[in-house]
Amino acid sequence: MRTSWSAFRKGLVLFAVAAVKTFLEAWLVAVQTNVGFNFAEAGYAALVNFDLAVVFYVGLLNGAAVPDIPRCGV
């Protein structure tokens, strides 16, 4: 990636690479187990991975304070 790219553009490139990786892994598992490839589940997994990356970036890497998690009954 180029240093002149914005953080948004870098994020989109990383998301695209992660989505391709997720689809390839799901396809490989489907081929190895001799089952049909489920496009919807692979797409959902890619979106969940993206959401986790955004939460991690905004919450931990961007300097925001991590909220205290209440200890329920501990």
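Of the 74 residues in this protein chain, 7% count as buried. Please keep in mind, everyone, that we are looking at a predicted model. The chain exposes about 6400 Å², and carbon and sulfur atoms supply 68% of that area. As for secondary structure, there are two helices and zero strands.

Let's turn to helix 1, which covers residues 7-33. What kind of patch do Val20, Leu24, Trp27, Leu28, Val31, Phe37 and Phe39 form on the surface? Together they make a nonpolar patch, with about 710 Å² of accessible area. Helix 1 gives the largest share of this patch, with five residues.

Let's pick out one member, leucine 28, which sits in helix 1. Is leucine 28 buried, partly exposed or exposed? Its relative accessible area is 42%, so leucine 28 is partly exposed.

Now for some charged side chains. How many salt bridges does a search of the whole structure find? The search turns up one. In that salt bridge, the side chains of lysine 21 and glutamate 25 meet at 3.3 Å, N to O. Both residues belong to helix 1, and they are four residues apart, which is about one turn of the helix.

And how open are these two partners? Lysine 21 has a relative accessible area of 48%, so it is partly exposed. Glutamate 25, at 43%, is partly exposed as well.

Note on methods. Residues are numbered from 1 along each chain as its sequence is written. This is a predicted model: local features need pLDDT of at least 70, side-chain atom pairs count only at pLDDT 80 or more; totals for chains, interfaces and linings use all residues. Side-chain values use heavy atoms; hydrogens and water are left out. Patches are made of residues with over 30% relative accessible area and no salt bridge: like charges are joined within 9 Å, nonpolar side chains (Val, Leu, Ile, Met, Phe, Trp, Tyr) within 5 Å. Accessible areas come from the Shrake-Rupley method with a 1.4 Å probe; for residues, only the protein chains shown count as cover. A salt bridge is a side-chain nitrogen of Lys or Arg within 4 Å of a carboxyl oxygen of Asp or Glu. Buried means under 20% relative accessible area, exposed over 50%, partly exposed in between (1.4 Å probe, protein chains only).
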